[in-house]
Amino acid sequence: MVIKSKKLEISSTFPWIIDKLKPTFDFTHKPLHIENKQIELLYIKTVVDGDRLHNTVIKPFFEMTSLTNIEAYLTSLPNQQEISSKDQLLVELTKGSVIIGIKETILLFDFKKVHIDAPLPTNVEPTIQGPQYALSEDLITNINMIRQRYHQPSLRIEMHSVGNKVHQSVAVLYDEDIVNKDALKQIKSKLREIDKDLILAGADLIRCLNNKKRSLLPTTILTERTDRISYNISGGKVIIMMDGDSNAILAPAVFFDFMTSMEDEYHPFWVSKFTSFLRYIGFFSCIALPGLYVGLTSYNPEIFRSELALSLAGSRVGVPYPSYIEVLIMLIVMEFLTEASIRLPKAISATATTVGGLILGTAVTEAALASNILIIIVSAVAISTFVIPINEMSFAIRVSRYGILFFTTIAGMTGLAIALIGLVMWMANKSSYGEAYFKLFIQGKNKET
């Protein structure tokens, strides 16, 4: 769209922009003049692809014979952007656009220099089968990757801007024919209402989209996989992608979405069902085993066979504090090891945490600070945590098990039962952008993941 001088005049707009950006060392104001032809270029050279600018604009300017031909050529370029205001021009300059003044017309073109447009390998959601490359950190590249996987003319892409200072570009993708209209309306409304100076990543954007800032259970999925994105678009979900982030946001998300791996779509039916069953067993083990240990050892040992009850009691001989203190200490130590494995450099994280865990476990049992059975239980809990495919739910469960442990400490097995029932009721009463959080899906036409 060409904006004539009646809307933004070169005589007032260019001096205003130059005054705003003149102190910036990489700001460039370059007039081009030869014979009776003249145009002006404004751009920030550190974010502009110089080769593209030279081949697309500067070289043709000196080759064409008349200014009319140059104007016709420039207005036909496909990367031209719409202009709405002076402030928008400033923001677009910082993103890698070039402003061209020709006659009394201001044109805006995208010549962004991108160094992060290569797809990244899957790190967070690896699979044996299926695509092995994830999204990149360039928004246009990511949209291209989704377009290559989802060939539907009903796919819609809407651009938004978030962050009062960074003006980060955000794309909203959905299939117009099958999208959840209520969820789409809520998401677009929340994007417009965001009032925050800096939004640097998709995880930060999720916090702004979430009405309940202190909500523990996630209502959106952060994914890096292009196949998961395409599959969820076909299920009527809304996808939010942010420029500069290699993860996409999927909404609305319910509990069973977090327990699904994309590899379920690539395995045979019974293999897929078996691995799904293992995840739910791991989920229950992660959240209930610590409380179950406390309830059985301190309140209801009669539930065990006498041999097992005696073996359990014998393993705790010499432990100087109650079972709930024993469990709490070991869980916190395990959290330390988990966080260390995430934060340490990859070259030493596996060795440091493995050796640390082995030495620590051996020393604790030999010092009679914890029972051998508890070491086994805590190790099983730690392993079960990583069975859950989506990290957001895994983190939520890590926190929730301490609440269940608290109720079990107070009321034994009765407290454990009440806590688990309360967790199910909490999920059943929760919604995700209008969708019931504990909604049971039946395989059919409208599949969702």
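Trainee: Are Phe255 and Phe283 buried or exposed?

Mentor: Both are buried. Keep in mind that this is a predicted model.

Trainee: How many aromatic pairs does the structure hold?

Mentor: The structure holds nine aromatic pairs. One of them joins Phe255 and Phe283.

Trainee: What kind of pair do Phe255 and Phe283 form?

Mentor: Edge-to-face. The centres are 5.4 Å apart, with 70° between the planes.

Trainee: Which parts does that pair tie together?

Mentor: Phe255 lies in helix H9, residues 255-258, and Phe283 lies in helix H10, residues 269-298. So the pair ties together parts that are 28 residues apart in sequence.

Trainee: What about Phe256 and Tyr280, why is that pair tilted?

Mentor: The ring centres of Phe256 and Tyr280 are 6.4 Å apart and the planes are at 50°, so the pair counts as tilted.

Trainee: How accessible is each one?

Mentor: Phe256 is buried, at 17% relative accessible area. Tyr280 is partly exposed, at 31%.

Trainee: Which residues do ring pairs link into a cluster?

Mentor: Phe255, Phe256, Tyr280, Phe283 and Phe438.

Trainee: New topic, lysines. Which ring face does Lys37 lie over?

Mentor: The face of Phe61, at 5.3 Å from the ring centre.

Trainee: And Lys430, which ring does that one lie over?

Mentor: Lys430 lies over the face of Tyr437, at 6.0 Å from the ring centre.

Methods. Residues are numbered from 1 along each chain as its sequence is written. This is a predicted model: local features need pLDDT of at least 70, side-chain atom pairs count only at pLDDT 80 or more; totals for chains, interfaces and linings use all residues. Side-chain values use heavy atoms; hydrogens and water are left out. Rings of Phe, Tyr and Trp (its six-membered ring) pair if their centres lie within 6.5 Å; planes under 30 degrees apart count as stacked, over 60 as edge-to-face and the rest as tilted. Helices (H or I, at least four residues) and strands (E, at least two) are DSSP runs, numbered from the N terminus. Buried means under 20% relative accessible area, exposed over 50%, partly exposed in between (1.4 Å probe, protein chains only). A charge sits over a ring if NZ of Lys or CZ of Arg is within 6 Å of the ring centre and within 35 degrees of the ring normal.
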